[in-house]
Amino acid sequence: MKKYDVVALGEVLIDFTQNGISAQGNVIYEANPGGAPCNVLSMLSRLERKTAFIGKVGQDIFGRQLRKVLGENGIDAAGLVMDQEVRTTLAFVENLPDGDRDFSFYRNPGADMMLLEEELPLNLLEETKIFHYGTLSMTHERVRKATKKAITLAGKGSALLSFDPNLRMPLWRGEDEARTQIEYGFAHCDILKIADNEIRWFTGENDLDAGIRKLRTQYEIPLILLSMGREGSRAYYRELRVESSPYLQENTVDTTGAGDTFCACCLHFVLTYGLDGLSEERLAEMLKFANAAASIITTRRGALRVMPTKSEVETLIKK
């Protein structure tokens, strides 16, 4: 028996999200704890899964706050390193009229980029059923080496590898570098969570099914989870293609973390049934639950601290 259900490596940061206008007409920003890998872990903790995080923050106001928040949300922070010199990464999030978001990162450098191979907690990587990672920990050489070593060590420990590209193009030196590192992720995962815009960008195919087929001819990925925003989601597993409709909210305020919430719920189902135990019915149940949870998080600002409970998700599905 492994000690942890899911261990994730990557960024934990502060998302400054818009929250109104001041009396002077200035935009008001709220400091929300975030970072895709930790959002995933937070939702898994709500589903009573044992989780742990590996990453680095600054020894500053925000870094100390983030360490505390991880513990408050049931995430083991033993793998969180505090950097004495480099500050915690910050991201300012702008909500666009079409419902999408634009990010401005303060990360040149940010503490999450400074994680070293020798700082990896080997016990966490050896004692997890699933190891989850993205590409923000692959944008720069130092943390890239740490990420790839962690992938190797987790794989040797028989962990399933879960990958979410979470493409943020402004953080890359160019598209070629981003493509190369995303290709590495595709080649080193058992579970892939990818967004519709990411599959179109990577494959050049506007038709999503065609894009997935193109991807599968190059990489043998057992389970591909496709999030499509207001169009719902799909799962591609062996010869199965299962689609589920979205739960659209009238009072959406912030879509940050919706994809992470969706991803976490799918990992929860993989942990429940095993990667070899997924049927068409179970995949449909998984997508319905994941879509509902992602819908709820869009009605709340931030993500990490406000993930829905299992009962909240089930109530929405019943309604």
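Which residues in α6 meet which residues in α7? In this predicted model, Asp196, Ile199, Arg200, Phe202 and Thr203 in α6 meet Leu208, Gly211, Ile212, Lys214, Leu215 and Gln218 in α7. The residues of this contact comprise five nonpolar, three polar and three charged.

**Packing of α6 and α7**
- Helix α6 spans residues 196-203 and helix α7 spans residues 208-218.
- The axes of α6 and α7 lie 9 Å apart, and the two helices pack at an angle of about 60 degrees.
- The helices α6 and α7 are therefore oblique to each other.
- Their crossing is left-handed.

**Aromatic pairs**
- Twelve aromatic pairs are present in the structure.
- Phe163 and Phe186 form an edge-to-face pair, with 6.0 Å centre to centre and 80 degrees between the planes.
- Phe163 belongs to strand β9 (residues 160-163) and Phe186 to helix α5 (residues 175-187), so this pair ties together parts that are 23 residues apart in sequence.
- Phe163 and Phe186 are both buried.
- Phe269 and Phe289 form a tilted pair, with 5.9 Å centre to centre and 55 degrees between the planes.
- Because Phe269 lies in helix α8 (residues 258-273) and Phe289 in helix α9 (residues 280-297), the pair ties together parts that are 20 residues apart in sequence.
- Phe269 is buried, at a relative accessible area of 6%, and Phe289 is buried, at 7%.

**Aromatic cluster**
- Ring pairs join Phe131, Tyr133, Phe163, Phe186, Trp201, Phe202 and Tyr219 into a cluster.
- One of these cluster residues, Phe202, is also among the α6 residues that meet α7.

Terms used: Residues are numbered from 1 along each chain as its sequence is written. This is a predicted model: local features need pLDDT of at least 70, side-chain atom pairs count only at pLDDT 80 or more; totals for chains, interfaces and linings use all residues. Side-chain values use heavy atoms; hydrogens and water are left out. Axes are lines fitted to C-alpha atoms, for helices over the stretch in contact, and angles run from 0 to 180 degrees between N-to-C directions. Helices (H or I, at least four residues) and strands (E, at least two) are DSSP runs, numbered from the N terminus. Angles under 35 degrees count as roughly parallel, over 145 as roughly antiparallel, 65 to 115 as roughly perpendicular and the rest as oblique. A crossing is left-handed if the near helix is turned anticlockwise from the far one by less than a right angle, and right-handed if clockwise. Contact means heavy atoms within 4.5 Å. Ala, Val, Leu, Ile, Met, Phe, Trp, Tyr, Cys and Pro count as nonpolar, Asp, Glu, Lys and Arg as charged, and the others, Gly among them, as polar. Rings of Phe, Tyr and Trp (its six-membered ring) pair if their centres lie within 6.5 Å; planes under 30 degrees apart count as stacked, over 60 as edge-to-face and the rest as tilted. Buried means under 20% relative accessible area, exposed over 50%, partly exposed in between (1.4 Å probe, protein chains only).
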